[in-house]
Amino acid sequence: MMGKRKVRRGGGGGGAGVAAATAFVCAVGMSAAPGRAQAAPREPTPGAGAESGAGSEGAAGPASAGSSLQEVHKKVQGLYRKAEAATDAYNLAREKQARQEKRIVKIAQSVVKAEKRMTGLRKRAGAVARAQYRNGGIPPEAQLLLGDDPESFLDDITLARKGQQATRGLMNQLEKTQATLDRYAKAATREWERLDSSRAKKAAARKEIRAKLAKAKRLESRLKAKERERLRQLEEEQQRQAQTTWLGSGILRKIGGKGTSRGLRAVDFATAQLGKDYVWGAEGPDTYDCSGLTQRAWAVGGRSIPRTSQEQWRQLPRVSVERMRPGDLIIYFKDASHVGMYVGDGAIIHAPRPGRQITVAGAGSMPILGVVRPDGSEG
């Protein structure tokens, strides 16, 4: 794991500065010269190094006959990828749940106001009914005709009309307020149903995450210390080879965008988090998952962005890799299950996976789905 190094934040098209090159070489562990790939370390058969007494994984376990460390690596990586995809589902469900809970609170507050209004209207309606009762239940029109004061007849007609209008207005308000309460009741029912759905999805995602992480840890725990170190080397070598291929395409000669003030603030924040642990579902300040880091960094940069890498890919403006600049987010894998922040010179800062720390890595070290720009309106 590399320490906290200053990352050069300018364009990536030219030669790297000393500080950026140092960070890049430490992270990627290779020369940036295209076409050079180091040989993968030779792998022992993990059966010889498996610890006794470990829980059984059946045919999937590293102690299976003929199983190589390469196969273990593939299984572990697959489990962590699935856990990361489930983490996105968990984060999205949690975000929806929070929004739905807020909407339910607002509906409840509106219901309270409507019920207070209804109480007042009912009191007024009751007063009208009591007045009619005191008059023997005779309508105002009949009382007018039966009156014995011709001089006040016209005035009484005017008052009667006003009374009728007031009564009709009162009844209309009662009907509208009742309709509003009925509408709130239906809205609350819908929100509760959505909330229950979000909670169920969140619980299912949490269960899947824990199961995948536990299985990956069991697979790794069966290996001796040397084999676990070889597993890490194998992971890093895979990333180095992917980065070498990406650089070999000459892509850095095309990337020369300069970061905006917002983007550079986001990069500064991400850089300050180097070395902190990855924890699924975490949003800081001490631990992060991949999209928790990018969301928080851009909040510091002055922009609110979606919580998950999948929603960041779906909602944020997209740009080509050639137009990429520091602060942009690179979305990885076909299911958009991982995200890193481009910091220039062909490198990203990201939170890789459980058991790893926030680090600098090659931007091409994983399969790139595309690039999104949180401050897309700026340049």
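1. Terms and basis. A residue is called buried when its relative accessible area is under 20%, exposed when it is over 50%, and partly exposed in between (1.4 Å probe, protein chains only). This is a predicted model, in which local features need pLDDT of at least 70 and side-chain atom pairs count only at pLDDT 80 or more, while totals for chains, interfaces and linings use all residues. Residues are numbered from 1 along each chain as its sequence is written, and side-chain values use heavy atoms, with hydrogens and water left out.

2. Overall make-up. The protein chain has eight helices and six strands; helices (H or I, at least four residues) and strands (E, at least two) are DSSP runs, numbered from the N terminus. Along the sequence the order is α-α-α-α-α-α-α-α-β-β-β-β-β-β. Of its 379 residues, 41% count as buried. Contact means heavy atoms within 4.5 Å. Among contacts in the chain with a separation of 6 or more, 73% come from residues 24 or more positions apart.

3. Two buried loop residues with positive phi. A336 sits in the loop between β2 (329-332) and β3. Its phi is near 55°, a positive value in a residue other than glycine. A336 counts as buried because its relative accessibility is 4%. D345 belongs to the loop between β3 and β4, and its phi is also near 55°, again positive in a residue other than glycine. With a relative accessibility of 6%, D345 counts as buried.

4. Helix α6. The expected span of a helix is 1.5 Å times one less than its number of residues. G263, L264, A266, V267, F269, A270 and T271 are the buried residues of α6. Their cover includes α7, β3 (338-344) and β4 (347-350).

5. The loop from α6 to α7. P285 lies in this loop. The peptide bond joining G284 and P285 is cis, with omega about 0°.

6. Helix α7. This helix covers residues 290-301; its twelve residues should span 16 Å at 1.5 Å a residue, and the end C-alpha atoms are 17 Å apart, in agreement. Buried in α7 are C290, S291, G292, L293, T294, Q295, A297, W298 and G301. Nine of the twelve residues are thus buried, so α7 is largely enclosed by the rest of the structure. Just after the helix, G302 takes a positive phi of about 105°.

7. Packing of α6 on α7. Helix α6 (residues 261-272) packs against α7 at an angle of about 130°, with the axes 7 Å apart. That makes α6 oblique to α7. Axes here are lines fitted to C-alpha atoms, for helices over the stretch in contact, and angles run from 0 to 180 degrees between N-to-C directions. Angles under 35 degrees count as roughly parallel, over 145 as roughly antiparallel, 65 to 115 as roughly perpendicular, and the rest as oblique. The crossing is right-handed, meaning that the near helix is turned clockwise from the far one by less than a right angle.

8. Residues at the α6 and α7 contact. From α6, R262, G263, R265, A266, F269 and A270 meet L293, R296, A297, W298, V300 and G301 of α7. By class, this contact has seven nonpolar, two polar and three charged residues. Ala, Val, Leu, Ile, Met, Phe, Trp, Tyr, Cys and Pro count as nonpolar, Asp, Glu, Lys and Arg as charged, and the others, Gly among them, as polar.
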